[in-house]
Amino acid sequence: MSEKASQLNGPDHIGIIMDGNGRWAKSQGLSRIKGHRQGVETCRRIIEACQDLNIHYLTLYAFSAENWNRPEIEVNGLMELLALFLMEETRTLKKQKVRLHAIGRIEDLPSRTKAALKKAIKQTKDFDEWHLILALNYSSRNEVVDAAKAISQKAAEGKLNPENLDWETVSSHFYTDSLPDPDLVVRTSGETRLSNFLLMQSAYSELYFTATCWPDFTRAHLEEAIRSYHNRERRFGRTGEQLDVETGLSY
Ligand code: IPE
Ligand code: IPE
Ligand code: MG
């Protein structure tokens with residue numbers, strides 16, 4: 001896809017539920033952790049492709065709050081892999097001028113992973129054109145709970161009047177405060193659910209599901225998802241005819 005094509009109508013923000021590392025590994029006769037390692041290679045590939053395709057925001061769902069329930073050996077392996085990825089990738093992010101963000105209950109991550117994350121965030125904080133957002137120990141439901149706690153605390157201290165609560169104020173308490181909503185949410189591996197990923201922010205996102213497992217996902221698959229996105233009509237509650245008038249297609 002030409003850069004021009006993707007510049008035409010976005011998407012500007014893609015969220016990806018990177019699924020299928022385990023099944024991919026099984027199909028190759030490899031351990032699950034080898035599947036995750038291969039998944040990291042896909043991350044590098046896709047981060048680079050996003051810049052070529054003019055996608056300014058990429059959110060990768062890397063570890064859900066529910067993923068703590070996996071066997072300890074896998075959780076430890078994933079956390080170690082994450083720390084390594086962050087340490088190795090920071091140099092590339094700086095070279096590509098990509099700002100790193102994290103969403104989720106970051107404080108509860110193991111110290112090595114957390115330290116690598118905080119360092120990478122700090123070292124890229126002055127970039128403002130390209131954004132990579134890692135969803136780590138993330139859960140949309142926890143995000144709502146954390147926002148509700150912060151809001152009720154402010155109300156109890158008299159800093160906020162509950163009567164004036166609106167979506168702007170509520171969403172400004174989410175981890176995603178300064179970030180735009182995703183235009184497109186992609187899930188790999190054939191599963192067709194959101195698994196607690198950006199549930200509020202994806203209220204009007206286009207959804208795209210592909211059977212390809214994350215380790216096999218390439219730039220060509222991403223372009224296919226973007227092509228599908230370009231064929232959608234985002235109506236935001238209005239009629240197709242209203243949109244035609246706005247885009248000058250109606251006479
Ligand atoms: C996605 O792959 C990676 C994480 C959830 C961390 P999975 O590990 O969920 O792979 P499957 O679903 O078992 O194939
Ligand atoms: C969702 O994948 C979480 C991530 C991609 C990090 P899962 O593999 O954990 O989701 P479920 O359990 O199949 O819904
Ligand atoms: Mg999975």
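Colleague: What volume does the largest cavity have?

Modeller: Keep in mind that this is a predicted model. A cavity is a space where a 1.4 Å probe fits but cannot get out, and here the largest cavity has a volume of about 70 Å³. The count comes to 1 cavity of 30 Å³ or more.

Colleague: Which elements each supply at least two residues of the lining of that largest cavity?

Modeller: They are helix 3, strand 2 (57-64) and strand 4 (130-138). Among the residues that line the largest cavity are Ile 47, Tyr 57, Trp 130 and Leu 132, and by class the lining divides into 8 nonpolar, 3 polar and no charged residues.

Colleague: How many residues surround ligand 1, and which are the closest?

Modeller: A residue belongs to these surroundings if one of its heavy atoms lies within 4 Å of the ligand. For ligand 1 there are 13 such residues, the closest being Met 18, Asp 19, Arg 23, Arg 32 and Arg 70. The shell has 3 nonpolar, 5 polar and 5 charged residues, and helix 2 gives the most to it, with 3 residues.

Colleague: Which polar atoms lie 2.9 Å from an oxygen atom of ligand 1?

Modeller: One is a backbone N or O atom of Gly 22, and another is a polar side-chain atom of Arg 32.

Note on methods: Residues numbered from 1 in each chain as written. Chains lettered and ligands numbered in written order. Predicted model: local features only at pLDDT ≥ 70, side-chain atom pairs only at ≥ 80, totals over all residues. Heavy atoms only, no water. Polar contact = N/O pair within 3.5 Å; in protein donor to acceptor, adjacent residues only side chain to side chain. Helix = DSSP H or I, 4+ residues; strand = E, 2+ residues; numbered from the N terminus. Nonpolar A, V, L, I, M, F, W, Y, C, P; charged D, E, K, R; others polar. 1 Å grid on protein atoms, 1.4 Å probe; cavity = no way out; pocket = protein on both sides within 12 Å on 5 of 7 lines; lining within 4 Å. Points joined across faces, edges and corners; volume = space filled by probe spheres on them.
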